[in-house]
Amino acid sequence: MDKINNLHSLGGTNMIVTPIGLGCWQFSKQKNMAGKFWPTLEDDLIGKVVNLSLEGGINWFDTAEVYGNGASEKALSKALQAAGKKPGEVLIATKWWPMFRFASNISKTIDERIKALTPYPIDLYQVHQPWGFSNERSEVTAMAELLDRKLIKNIGVSNFSAQQMKNAWETLDKKGIPLASNQVMYNLLHRKIESNGIMEMAKKLGISIIAYSPLAQGLVTGKFHDNPELLKNIGLRKYSAKFKSKGLEKSRPLVMFIKELSLKYNVSPSQIALNWLINFHGNTVVAIPGATKEIHVKENAGAMSFRLSDEDMQRLDKESAMFK
Ligand SMILES: NC(=O)c1ccc[n+]([C@@H]2O[C@H](COP(=O)([O-])OP(=O)(O)OC[C@H]3O[C@@H](n4cnc5c(N)ncnc54)[C@H](OP(=O)(O)O)[C@@H]3O)[C@@H](O)[C@H]2O)c1
């Protein structure tokens with residue numbers, strides 16, 4: 001299916017999203033460890049980023065409890081209200097943080113999540129990662145109880161292996177509930193889900209992949225390769241091997257190829273990288289790029305309004321095969 005301006009059902013649920021959503025980790029305001037990853041974005045800038053997302057046709061937003069202990073959820077809700085969006089006019093995905101917690105914590109903390117996002121409902125509630133005190137079956141069972149109580153609308157997971165995802169799917173399937181999605185790291189410089197069974201299992205079970213870090217945290221745009229000065233101000237990304245000189249040299253040929261295609265299509269490199277992600281696997285993948293500048297979101301939303309030729313998608317597949 002051609003996804004230009006097309007909507008996409010997450011895992012066969014009635015949560016219908018645009019192929020690009022907005023990642024809101026960047027709205028964490030440095031409130032906790034996870035929040036220290038990005039600079040503090042003031043409400044004014046967050047408002048602009050959210051408005052430009054909506055203008056660009058984006059209909060959903062991904063946030064999490066752990067993004068500043070609710071700071072991102074609150075900032076998102078404030079910005080959507082200021083933009084005049086009524087509950088139900090946009091879709092919200094948020095996440096429960098499992099570390100050092102049991103599944104019982106899911107029902108204990110749901111009121112806080114609802115309050116942080118008020119007046120917007122939780123359209124997708126995700127288990128943020130698999131490293132908690134309970135297993136995935138207990139966690140999605142606790143999520144299913146929230147669904148029964150109509151406190152959330154759909155269930156997703158994140159950073160789950162193929163087996164964990166299958167276990168979660170199976171547990172929910174017995175209750176007649178679809179598992180909407182698995183949110184995982186996926187970009188042209190990190191294609192591990194294509195070799196570790198996640199992509200294959202997601203396709204088999206009809207679960208959507210939500211690609212996080214779809215721009216490899218800015219790397220695929222080539223801005224750090226072109227202007228190493230920018231590397232002085234990348235916060236915690238400096239600890240990642242991909243941002244060190246060896247890593248940059250490894251990704252340089254692919255980044256150059258992405259640039260070549262961006263000239264051919266008269267779009268930005270970010271748009272080439274995102275367009276490949278949301279089209280190469282048919283209906284399976286949607287992406288949630290984050291933004292710290294207005295131009296980012298303008299470009300990223302624009303990735304939905306053209307389509308790479310099949311031949312160029314194959315060429316990108318081949319050029320990035322080493323990152324599988
Ligand atoms: N489930 C999970 O465990 C998990 C983990 C990570 C992320 N996420 C979610 O996924 C979202 C996106 O992931 P991410 O923030 O890690 O990575 P990303 O979307 O790949 O990268 C975002 C960063 O890339 C740069 N950027 C964005 N658009 C650009 C453009 N058009 N041109 C040039 N640079 C651009 C900006 O960097 P600068 O700010 O340096 O300019 C921006 O902060 C997050 O907001 C979050 O919602 C989830």
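P119 sits in the loop between helix 3 (105–117) and strand 6. The peptide bond from T118 to P119 is cis, with omega near 10°. The model is predicted, and local features need pLDDT of at least 70.

Strand 6 runs parallel to strand 7, and three bridges join them. Q126 has G156 of strand 7 as its bridge partner. Strand 7 covers residues 155–158. I155 and V157 point one way from strand 7, while G156 and S158 point the other way. All of these residues are buried.

Further along the order come strand 8 (residues 179–185) and strand 9 (residues 208–212). They pair in the parallel sense over five bridges.

**Ligand site**

There are 31 residues around the ligand. Q26, S213, L215, R237 and T292 come nearest. By class, the shell has ten nonpolar, 15 polar and six charged residues. Which helix gives the most to the shell around the ligand? That is helix 10 (residues 294–302), with three residues.

| Residue | Protein atom | Ligand atom | Distance |
|---|---|---|---|
| R237 | side-chain N or O | oxygen | 2.6 Å |
| L215 | backbone N or O | oxygen | 2.8 Å |
| N300 | side-chain N or O | nitrogen | 3.0 Å |

On its own, the ligand has 900 Å² of accessible area, and the protein covers 93% of that. R237, in contrast, uses its side chain, at 2.6 Å from a ligand oxygen. Both L215 and R237 are among the residues that come nearest to the ligand.

K29 is found in the loop between strand 3 and helix 1 (43–55). K29 is partly exposed, with a relative accessible area of 22%. The cut-off for buried is under 20%, so K29 at 22% does not count as buried. The K29 side chain makes a polar contact with the side chain of D43, at 2.4 Å. Leaving out residues up to four places away in sequence, K29 touches T40, L41, D43, I46 and A75. T40 is eleven residues from K29 in sequence, yet the two are 4.4 Å apart in space, C-alpha to C-alpha.

Q30 is placed in the loop between strand 3 and helix 1. Its phi is positive, about 55°, although Q30 is not a glycine. At 31% relative accessibility, Q30 counts as partly exposed.

N266 also has a positive phi, near 55°, and is a residue other than glycine. This residue lies in the loop between helix 8 (245–265) and helix 9 (269–280). Is N266 buried or exposed? With 70% relative accessibility, N266 counts as exposed.

**Two buried polar residues**

Q129 lies in the loop between strand 6 (124–127) and helix 4 (136–148). Q129 is buried, with a relative accessible area of 2%. A polar atom of the Q129 side chain lies 2.7 Å from the backbone nitrogen of W131. Q129 is also in contact with W97, P98 and M99, and with S158, N159 and F160, leaving aside neighbours within four places in sequence. S158 belongs to strand 7, where this residue is buried.

D312 lies in helix 11 (residues 310–319). Its relative accessibility is 0%, so D312 counts as buried. What joins the side chains of D312 and Y265? A polar contact of 2.6 Å does. Beyond residues up to four places away in sequence, D312 touches L261, K264 and Y265. Helix 8 spans 245–265.

How values were computed
Residues numbered from 1 in each chain as written. Predicted model: local features only at pLDDT ≥ 70, side-chain atom pairs only at ≥ 80, totals over all residues. Heavy atoms only, no water. Near = heavy atom within 4 Å. Polar contact = N/O pair within 3.5 Å; in protein donor to acceptor, adjacent residues only side chain to side chain. Areas by Shrake-Rupley, 256 points an atom, 1.4 Å probe, with all protein chains shown as cover. Helix = DSSP H or I, 4+ residues; strand = E, 2+ residues; numbered from the N terminus. Nonpolar A, V, L, I, M, F, W, Y, C, P; charged D, E, K, R; others polar. Buried < 20%, exposed > 50% of the residue type's maximum accessible area, 1.4 Å probe, protein only. Contact = heavy atoms within 4.5 Å. Pairing = 2+ DSSP bridges.
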